[in-house]
Amino acid sequence: MKRENLIKGQNTKELPAGYEEFLGVKYVMDPKILEERGRSVEALLLARLPEERRSSTKALPTLKSQIKEIAKTDAKESGFLDPAMPLRELAFRLILKNGNKPTALNDLHWSLTEDWAHPTHPMAISVYALKRIMDSDIYYGFQQVTDKA
């Protein structure tokens, strides 16, 4: 079965365990949460830029344009995502790669366990455990958003 069909909820009889329960659950990075915690969103984003771009990058006028620039250019470079990164860091970068648009928990789970898992770095985590990890975050500003279906 194609991944797209699993995520969109088609043929739900064949969904991996746990996927059906979380079909409408999505996550974003919420700058307001970070600000409430005294964290700098700009510093968090700047740290994800390649070394050569950190010093040469002009400050973009809005947070939205900064995220768009990361999604458009930096996320496509080798090294932006690395299976050796901590799980929350990978999830954060996957959300940035998606332009901070609501990203389905199932998409994150699939990317982490199928796309980014390697024999030397397996990622055997259930969708339930990933949800708990996302919900208990205090560093990246993850916010759950649920589709109103």
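From the N terminus on, the elements run α-β-α-α-α-α-α-β-α-α-β. That gives eight helices and three strands in the chain. Helices here are DSSP runs of H or I with at least four residues, strands are runs of E with at least two, and both are numbered from the N terminus.

A word on the source. This is a predicted model, where local features need pLDDT of at least 70, side-chain atom pairs count only at pLDDT 80 or more, and totals for chains, interfaces and linings use all residues. Residues are numbered from 1 along each chain as its sequence is written, and side-chain values use heavy atoms, with hydrogens and water left out.

Now the whole chain. Buried residues make up 40% of its 149 residues. Buried means under 20% relative accessible area, exposed means over 50%, and partly exposed lies in between, with a 1.4 Å probe and protein chains only. Next, contacts, meaning heavy atoms within 4.5 Å. Take those between residues at least 6 apart in sequence: 65% of them join residues at least 24 apart.

On to the sheet. What is the order of its three strands? The order is β2-β1-β3, in an open sheet with antiparallel pairing. Two strands pair if DSSP finds at least two bridges between them. β2 (103-104) and β3 (142-146) stand at the edges. Each has a single partner strand, so one side of each is left without a neighbour in the sheet.

Look at β1, residues 25-29. Two bridges join β1 to β2. Tyrosine 27 has threonine 103 as its bridge partner in β2. Lysine 26 has alanine 104. On the β3 side, the antiparallel pairing with β1 covers five bridges. There, valine 28 stands opposite glutamine 143.

Next, two helices. Two packed helices are described by the angle between their axes and the distance between the axes. Helix α6 (residues 87-97) and helix α8 (residues 127-135) pack at about 80 degrees, with axes 11 Å apart. The axes are lines fitted to C-alpha atoms, for helices over the stretch in contact, and angles run from 0 to 180 degrees between N-to-C directions. That makes α6 roughly perpendicular to α8. The cut-offs: under 35 degrees is roughly parallel, over 145 roughly antiparallel, 65 to 115 roughly perpendicular, and the rest oblique.

Who makes the contact? From α6, Leu87, Arg88, Ala91 and Ile95; from α8, Leu130, Ile133 and Met134. By class, that is six nonpolar, no polar and one charged residues. Nonpolar covers Ala, Val, Leu, Ile, Met, Phe, Trp, Tyr, Cys and Pro; charged covers Asp, Glu, Lys and Arg; the others, Gly among them, are polar.

Stay with α8. Its buried residues include Val127, Ala129 and Lys131. The buried residues of α8 pack against β1, α6, α7 (105-115) and β3.

Last, the aromatic rings. A search of the whole structure finds three pairs. Rings of Phe, Tyr and Trp (its six-membered ring) pair if their centres lie within 6.5 Å; planes under 30 degrees apart are stacked, over 60 edge-to-face, and the rest tilted. Tyrosine 139 and tyrosine 140 are edge-to-face, 4.8 Å centre to centre, with 80 degrees between the planes. Tyrosine 139 is partly exposed, at 38% relative accessibility. Tyrosine 140 is buried, at 8%. Tyrosine 140 and phenylalanine 142 are stacked: 5.6 Å centre to centre, 25 degrees between the planes. Phenylalanine 142 is buried too. Ring pairs link Phe92, Tyr139, Tyr140 and Phe142 into a cluster.
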